Structure formats: structure tokens, C-alpha cells
Amino acid sequence: MAQWGVAEARVGSHRVVFVPAGIVLACALSSLSVRADEPKPTPENTIHVQLAAPVPPQKFAKAPKFFISEVIDRSGNPQPMLVLRDRGGVFLDRQPTEIAREAIEQSLKSAGLLAADAASPDLVLQIYLFHFGLAQGSGLDFFGKVEFSVIVKNVKTEESQQIEAKGTSIANAAIRKKNIQKNVQANIEGALEDAVRNLLRGTQLREAVAALLKDRANAPTASSGDMAVVIGDEERGKRFQSRLVKR
Amino acid sequence: MRLLTTVLLATLMAAPGAAAKDPEATYKTVEAKHFTRVEGVELSPAFADYLYAELRNELGKTKLFVQVIGEGEAVEDTDAANSVVIQGVITEYKKGNRAADAIIGFGAGMRSLKMDVNVTRRSDHQDLGAIKSHVKISPRWNEEVMAKAAAHQIAHEVKNALKEKAKG
């Protein structure tokens, strides 16, 4: 009798053990299936995004030299290089921050507005990237959006102004995977170009540059008092500043 | 005779293409601004962005403008007189009723959007046209589809308004 009792108890304990084991197995299998759906970057599904041609910036009265100090990703996207999850995914080959920096630097350089190094610029740009890639669209097409905010800082006076730039692009949806990649790439490149143009040809940048450089030009005259030097150009201003420091 | 037939055929084939050719761009630039909304209009923040993008896309398709520039972009002084700015206000949005749309039909329960759009010349801010746009779509479609329809309608109306202005 005692043996029967023990046998029953064992059977009962086996049942109790099997139920959680089954749950754990189901969870493991389901997580494996989810992982299998997660797209992985491969050379086939990776796109290279860059500006087709540098965007010509607007003309400034006194052409300043810009330097991009840093580009910070503020999108909050855990996978910034994954631009499309469906159909095996579409990935960027570089971080969006790198792409944005390259695009702006390339455009500034083409117009001779890029400073050679961090020591020589008039204005320093600090870029906060809020969106880079595809955004929610109608489903009938791809909606590309690049959005960033730029802090323009005068190195000498430490004053700064914030400006915003946004670029959008809409491209047709596609069915074939190859066409999807092509359209997504064209779409993001279009949005990037639009955003860079919006920044470099925008009235916000013009006003910020005018305000920041005007302040710098006026600063020595306001502080001097004993010298009636009208600062017309940059070099005269620098000479005046150095003389003032010597005194 | 054969030559005459060939010429005739070529003329017949070329004639519809020439008639359907889009008008040449008459304005240098057009700037579409983000539409504002009156109090009480409940639309997602992404809607304004999408409407702006779609409007720019549709304005480009009209072939009436050499360039569709982004909001806040500078325009050369020489081009300012030949450039237009499009501003708009979303005055009313009804999200519709799926049940009414399915049971009653005939336009009942439709999702609707009303907008007031102003087209002005960039140089002197002269009014080139005031458009009242009203878009209705099925409540089964999302906001972005509505934005697409609205942008298409606005671009069409802008094109008509500017053409009429040019004629008159």
C-alpha cells in the first residue's frame, strides 16, 4: 500500500513539473520565432545614403567660417540604422549622425564656408538629430523625414542661437524588394538634401549669423571708448582687439 | 503618297501629346508653410508634417513652379516678385463615424477636413487667391490618406487660382 502511495505521489509531482516546463518551452519557442523575424543587416539589405551633389548655401554679407563640433542623435530610436523593418529590413551602412555631418560639411566645403580645424571657425555648429529615415505615411508611399536642430555658437562671444531644419520627401511604394530598397534610398536622400537646403538656405541661419557676427563686431567698440575705430572688416577688428589686449 | 501618309500619321500621333503637355513653369518658387489649426481641431502632430510634405509633392507635380522650396528658405530678391507663398489654417476636422458610414452610407459618417488656404505673392504679400478646401473620406481610411487627398485638392485649386489670376 505504501508503495502505491509513493507511486501516486511521484506521478502527481511529474504532472506538476511538466506544466511549467511546457510553458517555458512555449515561451522559448515563441521568442525564437520572434528573433527569426528580426531583420539582420546584410550587404543585400544595406543602403548607402549620401547627397547626390552638395547643396549650395546662401550668400552671406560677411562669409563666416563654420565648424561642426558634434552631431548628437536625439531621435530616441534604439535601432537608428534600421530604416524599414518589413520585407527583411532595410539598413543604413552608417550611423545617421555620420551621414548628416558628412552632408552638411560637404555642402559648406563646396562654398568655402567650412573651417579647416576647430581652432579657426567664426561659428560652431552643434547639431541635434531628431529624426532620420522613414516616418509614418499613408501606406501608399514612403514618407522620408530628416529633422534636426542646430545650435549656432559664436566662439568669441560665447553667444548662441538655435535654429531648426526639416526635410521631407515622398516616394512611391514598391512591391519588389529591390525596388523597395531603391525607393527608400532615394527617399531618404531626398529628405536629407531637403533638410540640408532648409538649414543652409534658411532665413533662420541668415538671421542667426547676422546677429552673432554683429555682436562680435560691435563688442570691441562698445568696450573701448578711447579709440574711435570703426570696425568694418574682420582683420581690422582683430588688430584692434590685439592692441587693446596689449594695453 | 507614302511620304504623305507617314507625315499624316506622325502628326496624328504627335498632336495629342502636344495638347496634353503640361504648362511651362510660370513661377520661380513656391513655399508651402505648415498649416496651423484653430482651437478644437484634434489631429495628431504628425498630420501637419505629412500634409506639408504631400502638399510640396503635389505642388511639384503641377509643373507651375520651377522650385518648391522648404519653409523658411531664403529667395533671391530678383525671384521674389515671381514667387508665391501658400499658408493655410485647418478650421474643422470631424473624425467621422464608421457605423453611420456602414449602415446609412450616402456620405453620412464621413471623415471631413476643412481648410482655408491663402496664396500670396512673396515680394509684396499681394493676395493671389483665397481657397476654401473641404475634403471628405471614408472613416476607414487613416489621417495620412486624408492629408494626401487634401494636398491633391489644394494643389489643384492653387493651380486653377493662379491660372485665372494670370489670365485676368
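The views below come from a predicted model.

View 1. The loop between β6 and β7 of chain A holds A:Glu158. Five residues lie between the two strands of this hairpin. A:Glu158 has 7 other C-beta atoms within 10 Å, so this residue is exposed. Its phi is positive, about 65°, although A:Glu158 is not a glycine. Most residues other than glycine have a negative phi.

**View 2. B:Phe106 also takes a positive phi.** Its value is about 50°, although B:Phe106 is not a glycine. Where is B:Phe106 found? The place is the loop between α4 (98-103) and β5 (111-121) of chain B. Is B:Phe106 buried or exposed? B:Phe106 counts as exposed, because 7 C-beta neighbours lie inside 10 Å.

**View 3. Four strands of chain A form an open sheet.** The strand order is β2-β5-β6-β7, and the pairing is mixed. β2 (66-73) and β7 of chain A stand at the edges. Each edge strand has a single partner strand, so one side of each is left without a neighbour in the sheet. Neighbouring strands are turned by 20° against each other on average, direction ignored.

**View 4. Antiparallel partners run through the sheet.** Strand β5 (residues 123-135) of chain A pairs with β6(A) in the antiparallel sense over twelve bridges. Look for A:Phe132, whose bridge partner in β6(A) is A:Val146. β6(A) also pairs with β7(A), again in the antiparallel sense, over 13 bridges. Here A:Ile151 stands opposite A:Gln162 in β7(A). In a regular strand the side chains alternate between the two faces of the sheet.

View 5. α2(A) touches β2, β5 and β6 of chain A. The direction of α2(A) makes about 160° with that of β2(A). Helix α2 (residues 45-61) of chain B touches β5, β6 and β7 of chain A. The direction of this chain B helix makes about 60° with that of β7(A).

**View 6. Chain A meets chain B.** How many residues does each chain bring to the contact? Chain A gives 18 residues and chain B gives 16 residues. On the chain A side, β6 (141-154), β7 (160-172), α3 (177-200) and α4 (203-224) each supply at least two residues. That side divides into three nonpolar, ten polar and five charged residues.

**View 7. Chain A is divided into three domains.** Domain 1 covers 1-38, domain 2 covers 43-207 and domain 3 covers 212-246. Ten residues of domain 2 are in contact with five residues of domain 3 in chain A. The domain 2 side of this contact has three nonpolar, three polar and four charged residues.

View 8. The average pLDDT of chain A is 77, and 72% of the residues score at least 70. Which elements of chain A have the lowest and highest mean pLDDT? Helix α5 (residues 234-246) has the lowest, 41, and helix α2 (residues 96-110) has the highest, 94.

How values were computed. Residues are numbered from 1 along each chain as its sequence is written. Chains are lettered from A and ligands numbered from 1 in the order in which they are written. This is a predicted model: local features need pLDDT of at least 70, side-chain atom pairs count only at pLDDT 80 or more; totals for chains, interfaces and linings use all residues. Two residues are in contact if their C-beta atoms, placed from the backbone, lie within 7 Å. Ala, Val, Leu, Ile, Met, Phe, Trp, Tyr, Cys and Pro count as nonpolar, Asp, Glu, Lys and Arg as charged, and the others, Gly among them, as polar. pLDDT is the predictor's confidence in each residue, from 0 to 100. Two strands pair if DSSP finds at least two bridges between them. Axes are lines fitted to C-alpha atoms, for helices over the stretch in contact, and angles run from 0 to 180 degrees between N-to-C directions. A residue is buried if 20 or more other C-beta atoms lie within 10 Å of its own, exposed if 12 or fewer, and partly exposed in between; C-beta atoms are placed from the backbone. Domain bounds come from an automatic or database domain assignment.
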